[in-house]
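Trainee: I am new to this structure and would like a close look at a single part of it. Could you pick one place, explain what is there, and then lead me outwards to the rest?

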Amino acid sequence: MDFAIFNRLQQLSEQNLLDIAQAKREGRKVIGFYCLYSPIEIAVAAGAIPVSLCGTRNDPIEAAEKVLPRNLCPLIKSSYGYAATDTCPYFRFSDLVVGETTCDGKKKMFELLAEFRPIHTLQLPQTQESDGALSFWYHEIKKFKERVEKETGVMITDERLSDAIQLTNQERKAKRALMDMAKRKPSPISGIELLTIMFKIGFFMNKRSGIALMNEVVDEIQKRADQGESPFHQKTPRILLTGVPVGLGSEKVVRLIEKAGASVVCFENCSGYRSVFMIDEKKEPLRAIAEKYLATPCSVMSPNPGRIELLTELIKEFSVDGVVDLTWQACHTYNIESFNIEKFVINQFGLPFLHLETDYSESDTEQLRVRIEAFLEMVKE
Amino acid sequence: MRAAGIDIGSRTIKLVVVENGQMIHSAITDTTHDPLEQCRRLMDQVYFDKILATGYGRHFFETHFEAPTVTEIKAFARGAKALFPSCRTILDIGGQDTKAIALDDKGNVSKFEMNDRCAAGTGMFLEVIAKTLGYDLDEFGKEALKAEGNIQINSMCTVFAQSEVTSLLARRQKREDIARGIHMAILNRTLSLLKRVSTTPDIVFAGGVAKNSCLKSLLNDALGQDVKIPENPQIVGAFGAAMIAQELQNISNSKRKFA
């Protein structure tokens, strides 16, 4: 990847923090988000600044363990630890933090997080299949809208919501186009590059500049691909990573896979492809938002057929040679769901499958390396 | 053409040299604090034309000697298949990890699992408990096999199991019955790993712990089949690595380089 683009990305990331600070001084409210179930459109429509909150690094976990149990998922511990140690600038900026009742660990952690910031917790249904679930969820989002109206003093009209949806849909389209570059064989972009770009842009307060930058990166990669440039070869194994979200600080598995000579071409997770489901712009905005967000195929849903549907599509479209399913330690829902994902991948596609359970620390790097290399030996056979 | 395989494990390093598919040399040494020097020592004892490394130390070997590498999984698969062409499942219990590997009918790995975060149920665990009971490793298995009773051991963590054994001894329990209980605990742990991967016959039991006669007998009873144990179960990985080296074209990192 062009060095200049990474340089720009870094500059814009730093500028972003200054911009948020400035906007806050001018009286704009900041709303912090953790999870893909929370509708950022509500914040955008109210003229507030939606920000992603930190939770992908190992550093604050030790501090979090003073309060939280050790045998809890690192994502929850990291999120809490950042807040407790006041080391996430976006958390510090937040006037309101949005939680949601996804897994047991997260929903109880949000109760503790209320010590540091006002929390609005969305009550998420555990299923997508009954009508009751959607109307319950619609009602929850409506309540959230009312809360944001109260915090910002802005009436969130349907028109404002529609504008917000158009903007976030554009962002999804740009992100999807970026991820789709890896459909080329060999992929002109590495999984680590892709992850870095998406992760950093994810913090941008200005959605439009994020979209513009992603479009620019796509053009750049397109050029590179047309000249036959790629960090990989025609025969480099193409790996799909499924399971828990990964970001900078928790990308060790992606790094190990690519160091062992493979290419991570697709992320079937909340930091990747699950984040680009479009919102229907023709429907009543609040209902369209409720439908789109509830359809997110996370393992907290029971049953969770959407993950299998998405995997079916992605394995084909990205010409995948093997599937790695990543579970954060002590994440029961992904850990258990892995059994069915493995059966599905092997029976439907006959592809090698590897389930990894790990945390954010580096303590098991060598053990992971053996598993990943042995898995890639299977892929190559 | 002589091809060598070196398996750099956590407790021991194994070197095997093959010529025309036949093993003509094998040696084992302790890994110690200086595995590189131990590798050199092993390699000085024998002539070979090329070498391939496996085991947890394969990457430092690769860096120092420009040797190709494969994982233990692949090396054990190749080695076990060469020794027992009917092999479909491999159980390897080494110094600090346990592996179960399923092979397809061509001998390729189709699934594997490893227990390597903790020494429970591995060679290390056996060593610690044998010592606590005052046995040497050889006696440990034999005495456990002869035991009439079986005292259930509840802890599988090396540290906790050791203190459990100590308190059983303080209560004047027979040490062979405790030994039997320890073997039963390892058996159960091993079976659950094996069942997640495969129990398709033939099962080849490799690694240092395969020398333990009690565990072999317990496995045979529990699985309803005779597990196959190589003559020297510790060198299966190194043998597999040598067999793979033999097939590799374009590598000639002859011994001269290592001097």
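Predicted model: local features only at pLDDT ≥ 70, side-chain atom pairs only at ≥ 80, totals over all residues.

The place I would like to show you is A:Phe232, which sits in the loop between helix 10 and strand 5 (238–243) of chain A. Is A:Phe232 buried or exposed? A residue is called buried if 20 or more other C-beta atoms lie within 10 Å of its own. A:Phe232 has 20 other C-beta atoms within 10 Å, so A:Phe232 is buried. Which residues is A:Phe232 in contact with, once its neighbours within four places in sequence are left aside? They are A:Pro186, A:Ser187 and A:Ser263. For a sense of distance, take A:Val370: it comes 138 residues away from A:Phe232 along the chain, and 22 Å separate the two C-alpha atoms.

One of those partners deserves a stop of its own. A:Pro186 belongs to the loop between helix 8 and helix 9 of chain A, and the peptide bond that joins A:Lys185 to A:Pro186 is cis, with omega about -5°. Chain A also has a cis peptide bond from A:Ser302 to A:Pro303, where omega is near -5°. A:Pro303 is found in the loop between helix 12 (285–294) and helix 13 (305–317) of chain A.

The residues buried in helix 10 of chain A are A:Gly210, A:Ile211, A:Leu213, A:Met214, A:Val217 and A:Ile221. Why do they fall on the same side of helix 10 of chain A? Because the arc they cover around the axis is only 165°. The background is simple: an α-helix has 3.6 residues a turn, so residues three or four places apart point the same way.

Turn the model over and you will find the other face. Away from the buried side, helix 10 of chain A carries the exposed residues A:Arg208, A:Ala212, A:Asp219, A:Lys223 and A:Asp226. As for the buried residues, what covers them includes helix 1 (3–25), helix 8 (158–180) and helix 9 (191–201) of chain A. After helix 10 of chain A comes A:Gly228, whose phi is positive, near 75°.

A positive phi also turns up in residues other than glycine. A:Ala330 has phi near 75° and lies in the loop between strand 7 (322–328) and helix 14 (332–349) of chain A. A:Ala330 has 19 C-beta neighbours inside 10 Å, so it counts as partly exposed. In chain B, phi of B:Asn20 is positive as well, near 50°. B:Asn20 is in the loop between strand 2 (12–19) and strand 3 (22–30) of chain B, and with 9 C-beta neighbours inside 10 Å it counts as exposed.

That brings us to chain B as a whole. It is divided into domain 1 (1–84 + 235–259) and domain 2 (87–229). Their centres, taken over C-alpha atoms, are 26 Å apart. Where the two domains of chain B meet, 13 residues of domain 1 are in contact with 17 residues of domain 2. On the domain 1 side, helix 3 of chain B gives the largest share, seven residues. By class, that side divides into six nonpolar, three polar and four charged residues.

Finally, how many residues does each chain bring to the contact between chain A and chain B? Chain B brings 12 residues and chain A brings 10. The elements of chain B that give two or more residues to its side are helix 3 (72–83) and strand 7 (109–115). That side of chain B has six nonpolar, two polar and four charged residues.

Definitions and conventions:
Residues numbered from 1 in each chain as written. Chains lettered and ligands numbered in written order. Buried ≥ 20, exposed ≤ 12 C-beta atoms within 10 Å, placed from the backbone. Helix = DSSP H or I, 4+ residues; strand = E, 2+ residues; numbered from the N terminus. Arc of directions from axis to C-beta. Contact = placed C-beta atoms within 7 Å. Nonpolar A, V, L, I, M, F, W, Y, C, P; charged D, E, K, R; others polar. Domains from an automatic or database assignment.
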